[in-house]
Amino acid sequence: MADKTDELLTNYYSGLIDTKILLRRAELQWRPNDDNAGIKSLNKHTRPLEDMLARYEADSILHELTKQRDAIKRLETTFSEETKQIVQMHYDRRERLSWVVISLRMNLSERTCRTYQKTFKDSVAEAFAELDIAV
(Lines give C-alpha, C1' and ligand atoms only; values in the text may rest on other atoms or scores of the structure.)
Protein backbone atom coordinates (compact mmCIF):
# COMPACT_ATOMS: atom_id res chain seq x y z
CA MET A 1 0.00 0.00 0.00
CA ALA A 2 1.33 3.40 -0.92
CA ASP A 3 1.78 5.98 1.78
CA LYS A 4 2.31 9.73 1.71
CA THR A 5 6.05 9.42 1.13
CA ASP A 6 5.40 7.26 -1.94
CA GLU A 7 2.93 9.83 -3.22
CA LEU A 8 5.41 12.65 -2.65
CA LEU A 9 8.20 10.82 -4.47
CA THR A 10 5.84 9.95 -7.33
CA ASN A 11 4.88 13.62 -7.63
CA TYR A 12 8.53 14.66 -7.57
CA TYR A 13 9.80 12.18 -10.17
CA SER A 14 6.76 12.63 -12.41
CA GLY A 15 7.33 16.40 -12.49
CA LEU A 16 4.13 17.26 -10.64
CA ILE A 17 5.82 19.23 -7.85
CA ASP A 18 7.61 21.47 -10.37
CA THR A 19 4.33 21.97 -12.22
CA LYS A 20 2.55 22.89 -8.96
CA ILE A 21 5.29 25.41 -8.18
CA LEU A 22 4.97 27.02 -11.60
CA LEU A 23 1.18 27.16 -11.33
CA ARG A 24 1.33 28.66 -7.85
CA ARG A 25 3.74 31.35 -9.04
CA ALA A 26 1.41 32.12 -11.95
CA GLU A 27 -1.51 32.43 -9.52
CA LEU A 28 0.47 34.79 -7.32
CA GLN A 29 1.45 36.98 -10.26
CA TRP A 30 -2.18 37.68 -11.04
CA ARG A 31 -3.42 40.58 -9.02
CA PRO A 32 -7.08 41.60 -8.86
CA ASN A 33 -7.94 45.09 -10.03
CA ASP A 34 -8.07 47.81 -7.42
CA ASP A 35 -11.49 48.76 -6.15
CA ASN A 36 -10.43 52.39 -6.34
CA ALA A 37 -9.87 52.45 -10.08
CA GLY A 38 -9.61 55.99 -11.30
CA ILE A 39 -8.66 57.44 -7.94
CA LYS A 40 -5.00 58.27 -7.81
CA SER A 41 -3.11 57.96 -4.59
CA LEU A 42 -0.16 60.27 -4.21
CA ASN A 43 1.59 58.11 -1.63
CA LYS A 44 1.29 54.84 -3.51
CA HIS A 45 4.54 53.50 -4.92
CA THR A 46 4.50 51.06 -7.77
CA ARG A 47 7.11 48.35 -7.37
CA PRO A 48 5.67 45.37 -9.23
CA LEU A 49 8.77 43.16 -9.02
CA GLU A 50 9.29 43.77 -5.31
CA ASP A 51 5.59 43.24 -4.62
CA MET A 52 5.61 39.98 -6.56
CA LEU A 53 8.71 38.70 -4.73
CA ALA A 54 7.10 39.62 -1.41
CA ARG A 55 4.00 37.61 -2.38
CA TYR A 56 6.24 34.62 -3.27
CA GLU A 57 8.02 34.78 0.08
CA ALA A 58 4.81 35.20 2.08
CA ASP A 59 2.94 32.33 0.41
CA SER A 60 2.96 29.21 2.60
CA ILE A 61 1.89 26.80 -0.16
CA LEU A 62 4.71 27.85 -2.49
CA HIS A 63 7.16 27.75 0.39
CA GLU A 64 6.13 24.19 1.36
CA LEU A 65 6.33 22.90 -2.23
CA THR A 66 9.77 24.43 -2.66
CA LYS A 67 10.98 22.92 0.62
CA GLN A 68 9.77 19.48 -0.47
CA ARG A 69 11.47 19.70 -3.86
CA ASP A 70 14.75 21.02 -2.44
CA ALA A 71 14.89 18.42 0.33
CA ILE A 72 14.52 15.57 -2.15
CA LYS A 73 17.17 17.10 -4.42
CA ARG A 74 19.61 17.34 -1.51
CA LEU A 75 18.94 13.75 -0.49
CA GLU A 76 19.48 12.55 -4.05
CA THR A 77 23.05 13.81 -3.97
CA THR A 78 23.91 11.57 -1.02
CA PHE A 79 22.97 8.35 -2.83
CA SER A 80 24.77 6.46 -5.58
CA GLU A 81 23.89 6.98 -9.23
CA GLU A 82 22.53 3.43 -9.33
CA THR A 83 20.10 4.10 -6.49
CA LYS A 84 18.97 7.36 -8.09
CA GLN A 85 18.21 5.58 -11.37
CA ILE A 86 16.26 2.81 -9.63
CA VAL A 87 14.22 5.29 -7.60
CA GLN A 88 13.50 7.43 -10.66
CA MET A 89 12.40 4.44 -12.74
CA HIS A 90 10.16 3.19 -9.93
CA TYR A 91 8.45 6.49 -9.07
CA ASP A 92 8.18 8.11 -12.51
CA ARG A 93 4.59 7.42 -13.53
CA ARG A 94 5.12 8.61 -17.08
CA GLU A 95 6.77 5.26 -17.93
CA ARG A 96 5.15 2.97 -15.30
CA LEU A 97 7.94 0.39 -15.19
CA SER A 98 7.56 -2.82 -13.24
CA TRP A 99 10.20 -4.17 -10.86
CA VAL A 100 11.09 -6.86 -13.39
CA VAL A 101 11.85 -4.29 -16.09
CA ILE A 102 13.80 -2.12 -13.64
CA SER A 103 15.90 -5.07 -12.51
CA LEU A 104 16.63 -6.06 -16.11
CA ARG A 105 17.64 -2.51 -17.04
CA MET A 106 19.90 -2.18 -13.99
CA ASN A 107 21.28 -5.72 -14.28
CA LEU A 108 20.45 -6.35 -10.63
CA SER A 109 18.08 -8.70 -8.86
CA GLU A 110 14.55 -7.49 -8.22
CA ARG A 111 15.09 -7.82 -4.48
CA THR A 112 18.20 -5.62 -4.60
CA CYS A 113 16.33 -2.94 -6.53
CA ARG A 114 13.51 -3.01 -3.98
CA THR A 115 16.05 -2.71 -1.15
CA TYR A 116 17.66 0.36 -2.75
CA GLN A 117 14.25 1.96 -3.23
CA LYS A 118 13.19 1.20 0.34
CA THR A 119 16.42 2.67 1.74
CA PHE A 120 15.91 5.87 -0.23
CA LYS A 121 12.24 6.12 0.77
CA ASP A 122 13.07 5.62 4.46
CA SER A 123 15.75 8.31 4.34
CA VAL A 124 13.29 10.75 2.72
CA ALA A 125 10.67 10.06 5.38
CA GLU A 126 13.25 10.47 8.15
CA ALA A 127 14.63 13.71 6.70
CA PHE A 128 11.15 15.18 6.30
CA ALA A 129 10.34 14.32 9.91
CA GLU A 130 13.57 15.96 11.12
CA LEU A 131 13.09 19.06 8.98
CA ASP A 132 9.39 19.29 9.91
CA ILE A 133 8.30 19.37 6.28
CA ALA A 134 4.72 18.41 5.54
CA VAL A 135 4.34 15.33 3.39
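**Reading contacts and rings**

Mentor: Leaving aside neighbours within four places in sequence, Asn11 is in contact (heavy atoms within 4.5 Å) with Leu16, Ile17 and Lys20. This is a predicted model, in which local features need pLDDT of at least 70, side-chain atom pairs count only at pLDDT 80 or more, and totals for chains, interfaces and linings use all residues. Residues are numbered from 1 along each chain as its sequence is written, and side-chain values use heavy atoms, with hydrogens and water left out.

Trainee: Is Asn11 buried or exposed?

Mentor: Buried means under 20% relative accessible area, exposed over 50%, and partly exposed in between, with a 1.4 Å probe and protein chains only. Asn11 counts as buried because its relative accessibility is 16%.

Trainee: How is a pair of aromatic rings described?

Mentor: The distance of the centres and the angle of the planes describe such a pair. Rings of Phe, Tyr and Trp (its six-membered ring) pair if their centres lie within 6.5 Å; planes under 30 degrees apart count as stacked, over 60 as edge-to-face and the rest as tilted. Three aromatic pairs are present here. One of them, Tyr12 with Tyr13, is edge-to-face, at 4.9 Å centre to centre and 85 degrees between the planes.

Trainee: Why is the pair of Phe79 and Phe120 edge-to-face?

Mentor: The planes of Phe79 and Phe120 stand at 70 degrees, with ring centres 5.0 Å apart, so this pair is edge-to-face. Both Phe79 and Phe120 are buried.

Trainee: Which residues form one aromatic cluster?

Mentor: That cluster is formed by Tyr12, Tyr13 and Tyr91.
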